[in-house]
Amino acid sequence: MEPATPEPSPNVKKSLALASLLFPGEGWVQKEANIWVAKSRVSASSRESAKLAWEIDHARILTIRGSVVYFLPEQENADALGKLSADTVIDGQIVELKAVTGTRQTLGFEFKKGYKQGAALKRRCPGIQDHSVFIRLFSALEIDSVKAKIAGELKNRLDEGSFICYFENIGKLHTWTYGELRAIIRKGKKNARP
């Protein structure tokens with residue numbers, strides 16, 4: 001008797017379900033453990049292949065910790081913003097991937113861009129509750145400074161999700177919900193009252 005094929009993890013099921021809902025009819029190719037890529041991206045140009053390899057490198061930070069990543073098809077927008085939607089579905093949630101090497105201002109700008117990309121994709125399916133942004137931070141910014149900056153960027157935004165940040169200089173991964181970060185702003189306002 002042959003051994004039974006192991007049942008896919010809940011993260012695989014959730015991620016495949018959401019990726020397929022967002023892009024019906026798209027096929028998925030497993031590139032490595034816990035990483036699948038839209039078939040339409042596999043046969044892309046060498047420039048696109050290099051970009052995908054770079055994104056997969058960032059995703060490994062999460063997959064080595066057990067996350068499951070589905071890389072979504074590329075969607076270009078003709079306007080100055082460039083990409084219209086998020087890069088991935090990770091553990092059943094829309095997640096935009098970014099890398100930051102600059103200042104706090106650059107961090108804020110990249111987060112805002114990633115947030116908008118995730119929100120744009122979320123609007124395609126009204127049942128989706130949240131979207132997140134993952135930033136691989138190469139700059140030597142302090143954790144509290146990063147949290148405060150992202151909290152400020154969330155001040156007038158109401159979507160749910162998480163900010164996931166890998167601090168390259170110290171090798172640490174941190175995740176905060178948008179609600180936790182917005183609470184920093186509310187706490188600061190309470191403390192500022194006379």
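These questions and answers walk through a predicted model.

Visitor: How many bridges join strand E4 to strand E5?
Guide: E4 covers residues 88-90 and E5 covers residues 93-100. The two run antiparallel. Thr88 stands opposite Val95 in E5. The number of bridges joining E4 to E5 is three.

Visitor: Is His58 buried or exposed?
Guide: His58 is found in helix H3 (residues 46-63). Its relative accessible area is 1%. Buried means under 20%, so His58 is buried.

Visitor: Which side chain makes a polar contact with the side chain of His58?
Guide: Leaving aside neighbours within four places in sequence, His58 is in contact with Ala99, Phe134, Arg136 and Phe138. The polar contact is at 2.9 Å, and the partner is the side chain of Arg136.

Visitor: Is the pair of Phe111 and Tyr178 stacked or edge-to-face?
Guide: The structure holds seven aromatic pairs. In this one the ring centres are 6.1 Å apart and the planes stand at 90°. Planes over 60 degrees apart count as edge-to-face, so the Phe111 and Tyr178 pair is edge-to-face.

Visitor: How many residues apart in sequence are the parts that Phe111 and Tyr178 tie together?
Guide: Phe111 lies in helix H4 (residues 104-122), and Tyr178 lies in helix H6 (residues 178-192). Phe111 is buried at 0% relative accessibility. Tyr178 is also buried, at 0%. The parts they tie together are apart in sequence by 67 residues.

Visitor: What is the angle between the ring planes of Phe163 and Trp176?
Guide: These rings form a stacked pair, 6.0 Å centre to centre. Phe163 is in strand E7 (residues 162-167) and Trp176 in strand E8 (residues 172-177). Phe163 is buried at 0% relative accessible area, and Trp176 is buried at 10%. The angle between the planes is 20°.

Visitor: Which residues do ring pairs link into a cluster?
Guide: Phe111 and Tyr178 form an aromatic pair. Phe163 and Trp176 form another. With Tyr115, the cluster consists of Phe111, Tyr115, Phe163, Trp176 and Tyr178.

Visitor: Which ring has the charged end of Arg124 over it?
Guide: The charged end of Arg124 sits 4.6 Å from the centre of the ring. That ring belongs to Phe23.

Visitor: What is the phi of Asp91?
Guide: Asp91 is found in the loop between E4 and E5. At 24% relative accessibility, it counts as partly exposed. Its phi is positive, in a residue other than glycine, and near 50°.

Terms used. Residues are numbered from 1 along each chain as its sequence is written. This is a predicted model: local features need pLDDT of at least 70, side-chain atom pairs count only at pLDDT 80 or more; totals for chains, interfaces and linings use all residues. Side-chain values use heavy atoms; hydrogens and water are left out. Helices (H or I, at least four residues) and strands (E, at least two) are DSSP runs, numbered from the N terminus. Buried means under 20% relative accessible area, exposed over 50%, partly exposed in between (1.4 Å probe, protein chains only). A polar contact is a pair of N or O atoms within 3.5 Å; within protein, one must be able to donate a hydrogen and the other to accept it, and residues adjacent in sequence count only if both atoms are side-chain atoms. Contact means heavy atoms within 4.5 Å. Rings of Phe, Tyr and Trp (its six-membered ring) pair if their centres lie within 6.5 Å; planes under 30 degrees apart count as stacked, over 60 as edge-to-face and the rest as tilted. A charge sits over a ring if NZ of Lys or CZ of Arg is within 6 Å of the ring centre and within 35 degrees of the ring normal. Two strands pair if DSSP finds at least two bridges between them.
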